[in-house]
Amino acid sequence: MKTFSRKFGFSISTLLPVVLMGLHGTAVLADEGEPSVYACKPCLKYTGWRGSIDFGGGYVSEDSYRFGDYRGLEEEGLYLALDGDVHYRDLQGYYFDMYARDLSEDSREIDMRGGNQGFYEIRLGYQEIPKYRGYGTETPFLGVGSDFLTLPANWVKANTTGGMTALNSSLAVAPLKTERKILDAGATVHFLSNWSYRIDYQRQDKTGTLPMGGGMYFSNASIMPAPVDYTTDLVDTAITWMNKRAQVELGFISSQFNNGNTSLTWQNPFSSMPEHDNFRAALAPDNDYYQLYLSGALALTPNVKLSGQASMGHATQDDPFLPYTINPEYSDLPLPRASLDGKLDTSTYNIAGKLFARIADGLTLNARYKWDERDNKTPVDAYTGVVTDLVPTAPRYNRPYSYKRQQYSADLSYRAARVIRLVGGAKQYNIDRTLQAVERTKETTWWGEVKLTPTYKTEFRIKGEWGNRDISNYQAEQIGIVMENPLMRKFNMADRQRDRYIVEFDYMVTESLGLNLGYSQAKSEYKESVYGLQQSDDNNFSANLNYAFGSKVNVYAWYNLDTITADMVNTSGGSTGVWNATTRDRIETTGVGLKAVTGEKSSLVIDYVYSGSTGNISVKTSADEPPFDPLKTNLKNFKVHFDYDFSEHWGYKLYAEREQYDSADWAIDGIGVDGINSILTMGEESPDYSVWYYRLQFSYRF
Amino acid sequence: MLKIPGSLNSFKSVFVVLFLLGFFSQAYGDEEAVGTPEYSDGAKRCMMCHSEGKEHDAHEVFLTPMGISKDPDSPFAEGAHDCETCHGPSASHPKKLPDGSRTPPQITFAKGTPVGPQNAVCLGCHEDGNRIHWMGSAHDVEEVACASCHEVHAPQDPMMDKLAQQEKCFNCHPRTRAETFQASSHPLRFGEMACSDCHNPHDGANDHLLVRSTVNDTCYTCHAEKRGPFLWEHAPVTEDCTLCHNPHGSNHEALLKQRPPLLCQQCHSPGGHPALAYTSETAQNAFQQRFMLAQSCTNCHSQVHGSNHPSGVTDLR
């Protein structure tokens, strides 16, 4: 008997699309809607220039690097205060927006964009971010900010800091400050209705000094201000196509890092055996990174959507090597190559595919696969190093680490009416590593969530996650010149059981009063680890309260408590040298405030935040030693902001802030520059301050 | 009879697939509303009750990019339905109900309105760029509405302001707010950075909704000096910065989760000084102090992120 296809010359499979087309013929012809014949007359009113300029002055009551951290208000005294925003719109679609903040301070920022809406946009921005690390720091080294730190001519070397008789007279204040300057420029063009192209360029310059330790074998070390002169140029460009069903983006990212200093050389302040004058360490080398990516999404049907992202990256680093040592005694040690044959290659591949499907009414499936790989193609050679410029060692091969990570996950979500929503899922996360103690780790996590919404005023959510990680054979590796303890388990490559719970409750007590409570716990146990991290426990509780007095006044309060505990075990030698350590961090943060429109022309904001932390560390051997003194921080910040418009164009802004901070850190407090006989430090102290900051600005609106 | 080439079966299969794709794409065409909702005669009608100075004013939408009617994609462009482009045909909205309230617009962006229809309005125009992977992302799965974060009628959407953006994020992520006040943190609470500098809240392609493919790639945007590759690498650094750092804030210096020497001793236990017990009593010991006080292990091993020095195998140089 002839089949249908053989009888009629075509098969059902070719007939089906024709039938379907006929059934949905009206959909083929569907249009966007009837054209309108009127223009948006209400839009016409809001064209032209408008904006505001705020100018005035401020006063900081006390010097404090910590208060000035990120803000640039570290010195007592008067400051100009200049902010503003400017906007333009016209009937042809041209627009311009500019926002400027703290223009007279070290944390100044300006952001501008403009163009023709729907056709093109040009962006330009500039920002500065100051950062202080270490407070009250001093150093005897000269040439701070350069790559060669010297000592005064009258310097007296000694085996200990106590013997450095010229130290105190040589000290000079040396703030550890970096300044980051960021320039952004970009443009976007829309064309052919579905296409757009954008390009963004960013240059980051970071200059200043950072603390860096330089050791001398096992004897002693100096902490010094190392120079920072970083430049990062980033280009991010992409072309995008979209319509109702599909979106595709093809992009390219390029990042080039340049360090103005290749090394730091410093004069040795200690006596050494053998006697040696200068040491030298390498600083971060220049590097380049390029990435090409393709990202897209396709709605196969209104209920089924597939999205994915693929990228290929390539990183190179090709700085010429320093010699093994600055010590002339070993200057003839040959390097295996001048700069790894001119190139270190590392490439990364990242593919994530995600399938999202609404299977039935209220039922949704998400399935996801992600793979990323770091393939380190750095050549391997043997290097005969000189430890701290003094002691030659046996040859060691470098270890160019690679890894491959794969994640598979799926979750099913079901909403029954509007009251209950159930979600469940599973995830598997596999990592394959090279040249490390473990070749493969495999972690499987199951999770489930219930969300109840009995009314629109109430929502209750509970989620549980249970994860188990298994590892392949653990092989201890060599670090430096010694072998790692075979019983040590690095926590990121150890068998682990991890459970996590989240409970959240949202309640609109009344239309004006809202309450939110939340609790989460994440507990990890490393039961197979003889040495290393044994368990960690992370608990968080939060509460938020919000009350609205009408539409003009809002009062809020919030509270957050974190407790993070970790236990570990290690040994200084065999079973007799076993010791254990427990750390417990408790951080309590709370805030209250008010935001009010106090009249037609005035507004008020009051805000208070307290954050206090305690860090307890206990390290015990068989002698059961007492714990360390607690690490403490206490921050109290109070702000008031009052704006008043006394005419159509003019107004003033009053701002007052008080920040009080005190802290204690046994590792640095009271030690000073020479408190440790074998470490020449910079005398850092944990900060304490109480600073008032006032600001009065006049505001002109146009 | 016309001779059919041997590859016709393959061709027919492709043909069928293409037709099916075409069929499904047509199934995505406009769905004309069935029933009675009608459009009014535009914004001039809405502004009779929602203009500047009225109780529920909405005039400020004209100060936003949405209000630029010359943009052919604007809801207020010629051919569009002005306010009803987003709120749906709402000609009956001015009519009073028996209880004195107004008939609500077809779509209101408020608590109590299902999130799906709300978001479908926004995604109808804004599913490009960094929203390509919205469907199935964490915020989509958790049924977060676009209007939960964005204020479309405001002259400046709070999401475009670094401080206002954080306040929105912290409503659901209160722990992160607390972390920004800790001893070391990124400069979020001063408005120098925004959550969106590292996270794309619309995107589900990358872990933790990050803007780049991996955690490390995101960090290298500003910290490219850690990227290397180095001659001597520190393995956990190449794998994941968050193995040692908490990017939102920490009680310890440099956003570390744990301080040295314990941070290092969680993984290292060879013979010699790395594995010694540094207790509160040994802190008084003139020899042991060098391993515990000041910067602890990094007093000497300062190149913890990797070293390009030929003698830098133990991160000393």
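Start where chain A meets chain B: 18 salt bridges cross that interface, each one a side-chain nitrogen of Lys or Arg within 4 Å of a carboxyl oxygen of Asp or Glu. For an example, pick Lys451(A) and Glu142(B), whose closest N and O atoms are 3.5 Å apart. Keep in mind that this is a predicted model, where local features need pLDDT of at least 70 and side-chain atom pairs count only at pLDDT 80 or more, while totals for chains, interfaces and linings use all residues. Residues are numbered from 1 along each chain as its sequence is written, chains are lettered from A and ligands numbered from 1 in the order in which they are written, and side-chain values use heavy atoms, with hydrogens and water left out.

About 14500 Å² is buried between the two chains, with carbon and sulfur atoms giving 55%; that's the accessible area (1.4 Å probe) the two parts lose on being put together, summed over both.

Next, show Arg259(B) and Trp666(A): the charged end of the Arg sits over the ring, 5.7 Å from its centre. The rule here is NZ of Lys or CZ of Arg within 6 Å of the ring centre and within 35 degrees of the ring normal. Inside chain A, Arg695(A) does this over Tyr655(A), at 4.5 Å.

On to the rings. Over all chains there are 29 aromatic pairs, meaning Phe, Tyr or Trp (its six-membered ring) with centres within 6.5 Å; planes under 30 degrees apart are stacked, over 60 edge-to-face, the rest tilted. Phe646(A) and Tyr652(A) make a tilted pair, 6.1 Å centre to centre with 35° between the planes. In chain B, Phe287(B) and Phe291(B) have planes at 75°, so they're edge-to-face, with centres 5.6 Å apart.

Last stop: select Phe55(A), Trp650(A), Tyr700(A) and Phe702(A), which form one aromatic cluster.
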